[in-house]
Amino acid sequence: MQLEFGLICVLLATGAVRSVSLEDAKCGYISEEELLRQNNFAVPTEHQWLARIMYKNGHETKLPNDGCLGVLISPRNVLAPAHCFLLYDGRANAYSVQLGVWNKTSKPLEPDCAEDGYCVMPAQEIPLEGIAVHPEYDPVTLKHSLAVLTLKRDASRTTNVMPVCMPPSSSLHETLVGQLFVVAGLPTSSELKHKTWVHTISRPYCQEKHGALVTNTHTVCGYQDRMKMYYVGAPLVGIQVSSDEPQYFYLVGLLLDSKKVDDKELIVASYLDVRPYIGFINRNAEF
C-alpha cells in the first residue's frame with residue numbers, strides 16, 4: 001500500500017521523544033544498528049533518499065566521473081548540483097531520476113536478486129518535469145551549484161524510497177567544522193550503494209592542503225573513512241538527537257568534488273552547504 005508522506009518527521013508521542021519505526025518514518029529514517037554497521041555496502045533500507053540522475057545520448061561523459069546523484073527532499077522534488085545539468089561547455093540533457101537504487105547495474109522495474117534468493121525491490125524511474133538552477137550559479141567556479149528538480153509524479157513511498165529531512169532550525173547557525181557526518185552514494189568503481197563517515201575540517205586548512213579541490217564560501221571539506229569515490233551529488237547527512245537517542249537524518253550538503261590524498265590512504269571531499277539555500281529550495285519545491 002502506498003503511504004502518504006511529507007517532509008516533517010513526527011517525533012513526539014505522548015509527550016516523549018522517541019525514534020520512529022521504518023514504517024512510520026516520514027523522512028530521514030535512521031537505525032542506530034545499521035548506522036554503526038560498516039559493511040562493504042549500505043543495505044537497501046538505509047539512505048533511501050539517494051537519487052540517480054539519468055541522461056540521454058551519452059551526456060554523462062561531460063560530467064565528473066561520468067555521472068551524478070541527487071537527494072529526494074519531498075515526494076516531488078530532488079536536489080542536485082547545478083553542474084549536473086548546466087556546464088560551461090553545454091547542457092547535460094537529464095530526463096529522469098531513479099529512486100531506490102541499490103545496485104547501479106540493475107534495470108528499473110526489475111527486482112535485483114542474489115543467488116541465495118534475496119531480492120531488493122526494483123528502482124523507481126520518474127521523468128523530470130522541470131529543473132530550477134540557482135540564479136547565481138557560476139559554471140566556472142561552481143559557486144552556488146544547486147538545482148531543484150521537479151518530478152512528473154510523486155515518488156511512491158516504500159521501505160527503500162523516502163525523502164531526507166531538511167536541516168532543523170537548531171542547526172542553521174551551527175558550525176560544520178570538526179563534525180562527524182555520513183555520506184552515502186553510488187561508487188564510481190563498484191556496483192552497490194555505499195556509505196562512510198566524514199570528518200569535517202576547516203576551509204582554510206582544506207584550501208592550504210588541498211588547493212585543487214573545489215571550495216568556496218558555501219562549502220565544507222571532510223575526510224572519508226573509506227576509500228570510495230562517489231558520483232557527484234552524493235548527499236551528506238547529519239543526525240538529529242533528542243533525549244540521547246538518534247531521531248532522524250537531515251541533509252547537510254551535496255558532494256561537489258573529491259580527491260585522493262597522495263601521501264595517505266584518504267579521500268578528501270568538498271560539499272555544498274545547503275543551509276544558505278533554504279529560501280531558494282522552498283520557492284521551487286513542493287513540500
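Visitor: Is Cys 165 buried or exposed?
Guide: In this predicted model, the relative accessible area of Cys 165 is 3%. Buried means under 20%, so Cys 165 falls on that side of the cut-off and is buried.

Visitor: Which residue does Cys 165 join in a disulfide, and where do the two lie?
Guide: Cys 165 lies in the loop between strand 12 (147-151) and strand 13 (180-185). Its partner lies in the loop between strand 2 (16-17) and helix 1 (32-36), so the pair ties together parts that are 138 residues apart in sequence. With an S to S distance of 2.0 Å, the residue joined to Cys 165 is Cys 27.

Visitor: What is the handedness of the disulfide of Cys 27 and Cys 165?
Guide: The handedness follows from the torsion about the S-S bond. For Cys 27 and Cys 165 this torsion is about 90°, so the disulfide is right-handed.

Visitor: How many residues apart in sequence are the parts that Cys 68 and Cys 84 tie together?
Guide: A disulfide joins Cys 68 to Cys 84, with 2.0 Å from S to S, and the torsion of -85° makes the link left-handed. Cys 68 lies in the loop between strand 3 (50-55) and strand 4 (69-74), and Cys 84 in the loop between strand 5 (77-80) and strand 6 (86-87). The parts tied together are therefore apart in sequence by 16 residues.

Visitor: Which strand holds Cys 221, the disulfide partner of Cys 206?
Guide: The sulfur atoms of Cys 206 and Cys 221 are 2.1 Å apart, and both residues are buried. The torsion about their S-S bond is about -75°, so this disulfide is left-handed. Cys 206 belongs to helix 2 (residues 203-209), whereas Cys 221 belongs to strand 15 (residues 219-224).

Visitor: How are the ring planes of Trp 49 and Phe 249 arranged?
Guide: Trp 49 has a relative accessible area of 0% and is buried, and Phe 249 is buried at 4%. The ring centres are 5.8 Å apart and the planes stand at 65°, so the pair is edge-to-face.

Methods:
Residues numbered from 1 in each chain as written. Predicted model: local features only at pLDDT ≥ 70, side-chain atom pairs only at ≥ 80, totals over all residues. Heavy atoms only, no water. Disulfide = S-S within 2.5 Å. Helix = DSSP H or I, 4+ residues; strand = E, 2+ residues; numbered from the N terminus. Buried < 20%, exposed > 50% of the residue type's maximum accessible area, 1.4 Å probe, protein only. Phe/Tyr/Trp six-rings, centres within 6.5 Å; stacked < 30°, edge-to-face > 60°.
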